Amino acid sequence: MTDTLMQMPGAGGLYARALGTARRKPGKNIRIPRMEVKVPAVQADPRRLSAYREICGFELAPERLPITFPQVQAAPLHMWLMLRPEFPIPLMGIVHVRNVFEALKPMPAESAYDVRAALTEGRRTHQGYEFDLLTEYTDAAGEIVYRSLMTPLYRMKTEGGPVRAKPAAPAPALAEYRSFDVPADIGRRYAPIGGDFNPIHLFALTAKAFGFPRAIAHGMWSLARAAALIEIARGAPARSLSVQFRQPLLLPGRVALKFGEGEGGSEFALLARSSEKVHFSGRLA
């Protein structure tokens, strides 16, 4: 099923509707329907893009869209798909586990792009049920210039299912080191820019309602902050980025980004400064 919208849905209304999905009872035999949605001629709002660059720390190539921005801009389409009545899973029970981003060509910030988001594959794992959301941007010439694949997980009791190995702890080859503090209000500051108003990111009280001791940082903000720092060190904007999220970053937080050149790009990991807890790891090229 393919739907076409004439503009991006508003994030605020989508999150209000997301709370209502708590009534969904997916059962054991989850099936993710194949659905997609398209929006033509999407152009980045200059003020939002400027605010996004500032809060994430993107300094290079201001004439281009940063590697993570198209995914953030398309987030309302992901929500729109998961709010369809055919989608069986409650949205508040979903966590973000993996992402792959590819800028197939430089993306001028002032250009308009046709955006497509699609629910594709779903599978059982030992942790529950995970599924894939594909995002593509097409330029005026009809060429796909950006592609991303996001994998969320719905935690549930399962019988069997493949066990996905967790990434190893950072290797000694990650010789570069950048430390930074993450303020307690970063979730509230990022939410209107990133369009993600999930209550687990906003206040300790609302995060506790979902089982967290304190609010947690947006994964897409902490990933973008890490990518921006590595870009500055490399002296070039990213063309590709992959990440495996491992443990939430509680707010406020004190973290260390470790990275180093490996096969096919810069390997990296974000760790807690007070322990060997790894928040995420991945590769940027």
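A crossing of two helices is called left-handed if the near helix is turned anticlockwise from the far one by less than a right angle, and right-handed if it is turned clockwise. This tour begins with such a crossing in a predicted model.

**First stop: helices H2 and H5**

Please select residues 46–56, which form helix H2, together with residues 186–194, which form helix H5. The axes of these two helices come within 9 Å and cross at roughly 150°. Angles over 145 degrees count as roughly antiparallel, and H2 and H5 are therefore roughly antiparallel to each other. Their crossing is left-handed.

Next, display the side chains at this contact. Helix H2 contributes Arg 48, Ala 51, Tyr 52, Ile 55 and Cys 56, while helix H5 contributes Ile 186, Arg 189, Tyr 190, Ile 193 and Gly 194. Colouring these residues by class shows seven nonpolar, one polar and two charged.

**Second stop: helices H2 and H7**

On the H2 side, the contact is made by Tyr 52, Ile 55 and Cys 56; on the H7 side, it is made by Trp 221, Ala 224, Arg 225 and Ala 228. This contact has six nonpolar residues, one charged residue and no polar residues.

Turn now to the second largest pocket, which holds about 290 Å³ of space.

Strand E2 (35–43), helix H3 (69–73) and H5 each give two or more residues to the lining. E2 gives the most, with five residues. By class, the lining has 13 nonpolar, five polar and two charged residues.

Ala 41 has a positive phi of about 55°, although it is not a glycine.

Finally, select Pro 252 in the loop between strand E8 (240–245) and strand E9 (253–262). Is the peptide bond from Leu 251 to Pro 252 cis or trans? The bond is cis, with omega near -5°.

Notes:
Residues numbered from 1 in each chain as written. Predicted model: local features only at pLDDT ≥ 70, side-chain atom pairs only at ≥ 80, totals over all residues. Heavy atoms only, no water. Axes fitted to C-alpha atoms, helices over the stretch in contact; angles between N-to-C directions. Helix = DSSP H or I, 4+ residues; strand = E, 2+ residues; numbered from the N terminus. Parallel < 35°, antiparallel > 145°, perpendicular 65-115°, else oblique. Contact = heavy atoms within 4.5 Å. Nonpolar A, V, L, I, M, F, W, Y, C, P; charged D, E, K, R; others polar. 1 Å grid on protein atoms, 1.4 Å probe; cavity = no way out; pocket = protein on both sides within 12 Å on 5 of 7 lines; lining within 4 Å. Points joined across faces, edges and corners; volume = space filled by probe spheres on them.
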